2 protein chains.
Amino acid sequence: MTLATIRDVAKKAGVSVATVSRVINDSGYVGQDTRKKVKQAIEELNYSPNEVARSLYQRKSKLIGLLIPDISNPFFPLLARGAEDHMRSRGYQAILGNVQEDPEIFSEYLKTFNKNNVAGVLSAVNTPAISDYAEPLVIVDRVTDKTEYSVFSNDYQGGMLAAKAILQGRPKNILVVAGPQAIKRSQDRIAGIESILSRQPIAYKIIHTNSFQIADAEKMAFKIFEDYPEIDSVIAPNDIHALAILKQGLLLGKKIPQELQVIGYDDIPMTRLSSPTLSTIHQSTYRLGWLGAKLLIDLIEDRNISDKKIMLPVRLVAGDTIRK
Amino acid sequence: MTLATIRDVAKKAGVSVATVSRVINDSGYVGQDTRKKVKQAIEELNYSPNEVARSLYQRKSKLIGLLIPDISNPFFPLLARGAEDHMRSRGYQAILGNVQEDPEIFSEYLKTFNKNNVAGVLSAVNTPAISDYAEPLVIVDRVTDKTEYSVFSNDYQGGMLAAKAILQGRPKNILVVAGPQAIKRSQDRIAGIESILSRQPIAYKIIHTNSFQIADAEKMAFKIFEDYPEIDSVIAPNDIHALAILKQGLLLGKKIPQELQVIGYDDIPMTRLSSPTLSTIHQSTYRLGWLGAKLLIDLIEDRNISDKKIMLPVRLVAGDTIRK
DNA sequence: ATTCAACATGTAACCGGATACACATTAAGG
DNA sequence: CCTTAATGTGTATCCGGTTACATGTTGAAT
């Protein structure tokens with residue numbers, strides 16, 4: 001049996017389609033008993049309005065494009081989950097776009113989103129091209145100075161917390177592994193770290209990594225101990241790198257945290273299962289997604305927006321990989 | 001500037017909308033120079049057909065509903081990624097549905113998918129209610145006997161491999177932690193495990209868990225060593241549980257793998273970063289998603305389908321948590 | 001009694017494509 | 001030269017909603 005249409009309902013209730021539409025959308029005037037009749041017809045036919053037809057006329061659907069650099073990076077599923085939970089509660093759906101840091105795929109997705117009349121885009125990816133995009137747009141995590149609407153963590157504070165935690169363990173040689181230099185988040189993080197470290201007489205070195213892939217983190221971890229055998233403390237750019245470094249340290253027979261301190265960033269769920277438990281800086285990843293979705297939908301629905309840029313606090317999760 | 005429509009293109013090229021449509025879709029007859037004129041107009045206007053309008057007429061969109069029990073479980077992002085990669089290559093998009101094992105949300109999503117004229121549904125979730133669903137449907141992973149189109153791993157073989165690997169380490173007391181009894185995958189796994197273990201004189205015990213949440217895995221791991229202090233080998237239902245058990249074992253001061261063997265299941269990416277490296281049974285998770293999407297789209301597009309039920313092989317990934 | 005606003009409902013156009021059908025035109029075959 | 005099939009193009013309708021506008025009540029205020 002094919003799905004009932006608004007005309008079927010209208011016929012059954014003995015009214016016009018306009019009236020049925022008014023009942024569905026609670027718009028305009030509808031008499032008491034007419035409303036009742038229509039509701040009954042809807043009930044009996046198990047009618048539910050077709051979203052595609054609605055989208056066509058409104059030129060706006062209930063779909064939201066969700067751009068993620070890489071869902072197989074464990075940071076993003078939580079973000080996606082938060083975003084999706086909020087969207088569902090407001091009657092929206094996410095169209096998934098896994099961009100893999102590829103600008104081609106990125107703009108391909110933006111195009112597809114447009115063809116589908118998405119109501120807006122929530123992006124955890126950023127490229128200069130994104131500013132051309134006309135739809136309501138909220139950036140989470142990968143913020144730049146140009147982004148108008150965004151939700152992100154206080155990375156300066158995060159950097160400070162990580163540095164302080166490491167300093168507490170009286171380190172002799174600190175290595176800071178930083179994320180891509182081009183990303184503002186990384187810059188803030190480094191600024192936070194240096195604001196603390198530079199006041200101390202302790203030697204530290206900063207190196208950069210451009211990949212958050214596990215395989216690359218493993219290679220990096222290997223290389224670190226070759227290039228800097230004397231280090232006893234590492235501030236990692238995320239938990240993946242931290243775990244890789246931790247593992248490599250253990251393989252080299254180092255006592256954790258006595259001979260090697262490691263602190264990660266993000267607090268992805270798996271850190272709880274590492275041995276020893278990784279110390280890390282907690283980001284409210286789920287909330288990042290949730291608030292991003294909220295901000296976007298508020299924007300879409302023209303609500304009052306109290307804050308275009310939302311910065312979330314981070315906190316230290318003291319595990320067993322830093323000295324107390 | 002608003003997007004160009006097919007009528008704009010028709011006007012610019014001096015032809016009718018039907019002709020433009022024929023050019024776009026390569027259908028019917030179009031003259032050589034007419035085709036050229038139309039293509040040029042499309043180019044100049046940067047026209048790209050509106051997917052919503054097309055969906056409305058066809059009663060079928062280029063969207064595919066993707067149902068996942070929980071994306072924050074690290075098994076599923078890889079699956080989603082495989083599915084999405086294939087979909088994109090065939091011109092389809094995934095609408096994300098995170099179901100959290102809740103039948104309410106599940107059917108809510110199916111409804112929304114329908115309202116959006118999805119072309120089909122790819123589901124890593126299964127409930128009896130799903131058989132009512134009319135659209136093309138492919139189930140990945142969570143297969144039952146009733147599922148018509150499906151892609152899944154050879155869990156019987158997986159169970160055998162895990163049991164054999166554990167046996168090689170000359171265990172004295174084996175504990176098998178199994179997934180939910182209701183899920184056929186778990187049953188097959190157990191059958192495979194028992195087909196090996198039952199031929200040996202070694203004592204083993206099977207217990208069940210119903211959750212794959214990290215917190216629950218931690219509780220379970222704690223309980224295991226209280227209830228069965230004598231065990232020296234554990235076959236876990238997935239890597240999360242395995243890692244939790246491994247960690248708890250280490251906390252209790254057990255030598256790995258001398259005093260405690262652990263084998264997981266799935267081979268989620270993070271296992272590579274565990275210390276010691278977890279031994280596990282590898283599932284081709286990405287391929288599961290990829291092939292699921294392929295099967296579904298073949299179904300949608302009425303292609304020849306050589307195999308309605310695709311079973312993928314698994315293999316042992318020998319880490320450092322089993323004795324050789 | 002007249003006027004006007006609030007209420008109630010229907011008609012028809014519109015959103016942007018796809019396509020059935022009608023109507024040429026051309027070329028091939030008898 | 002005529003018939004017929006293949007080719008090329010346009011007109012109008014449909015998909016399933018939303019809404020501008022027209023029309024018709026009803027009741028309160030003047």
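Student: Where in chain B is Asp266(B) found?
Tutor: Asp266(B) sits in the loop between E9 and E10 of chain B. Helices (H or I, at least four residues) and strands (E, at least two) are DSSP runs, numbered from the N terminus. Keep in mind that this is a predicted model, where local features need pLDDT of at least 70, side-chain atom pairs count only at pLDDT 80 or more, and totals for chains, interfaces and linings use all residues. Residues are numbered from 1 along each chain as its sequence is written, chains are lettered from A and ligands numbered from 1 in the order in which they are written, and side-chain values use heavy atoms, with hydrogens and water left out.

Student: Okay. Is Asp266(B) buried or exposed?
Tutor: Asp266(B) has a relative accessible area of 8%, so it is buried. The cut-offs are under 20% for buried and over 50% for exposed, with partly exposed in between (1.4 Å probe, protein chains only).

Student: What is phi of Asp266(B) near?
Tutor: Phi of Asp266(B) is near 115°, which is positive even though the residue is not glycine. Most residues other than glycine have a negative phi, and most peptide bonds are trans.

Student: What about Asp26(A), what's its phi?
Tutor: Asp26(A) is not a glycine either, and its phi is positive, about 50°. Asp26(A) belongs to the loop between helix H2 (17–25) and helix H3 (32–45) of chain A. With 61% relative accessibility, Asp26(A) counts as exposed.

Student: You mentioned peptide bonds. Is the one from Ile256(B) to Pro257(B) cis or trans?
Tutor: The bond from Ile256(B) to Pro257(B) is cis, and its omega is near 0°. Pro257(B) is placed in the loop between H10 and strand E9 (261–263) of chain B.

Student: And the bond from Ser275(B) to Pro276(B), cis or trans?
Tutor: That peptide bond, from Ser275(B) to Pro276(B), is cis, with omega near -10°. Look for Pro276(B) in the loop between E9 and strand E10 (280–282) of chain B.

Student: E9 keeps coming up. What does Gln261(B) touch?
Tutor: Gln261(B) lies in strand E9 of chain B. Leaving out residues up to four places away in sequence, Gln261(B) touches a list of residues including Ala165(B), Ile166(B), Asp232(B), Val234(B) and Ile322(B). Contact here means heavy atoms within 4.5 Å. Gln261(B) has 0% relative accessibility, so it counts as buried.

Student: Which side chain does His241(B) join through a polar contact?
Tutor: The side chain of Thr209(B) joins that of His241(B) through a polar contact of 3.5 Å. A polar contact is a pair of N or O atoms within 3.5 Å; within protein, one must be able to donate a hydrogen and the other to accept it, and residues adjacent in sequence count only if both atoms are side-chain atoms. Not counting residues up to four places away in sequence, His241(B) also touches others, among them Ser211(B), Phe212(B) and Met220(B).

Student: Nice. Where's Arg287(B)?
Tutor: Arg287(B) lies in helix H11 (residues 285–300) of chain B. At 42% relative accessibility, Arg287(B) counts as partly exposed. Beyond residues up to four places away in sequence, Arg287(B) touches Gly292(B) and Leu312(B). Also, 135 residues along the chain separate Arg287(B) from Phe152(B), while their C-alpha atoms are separated by 9.8 Å.
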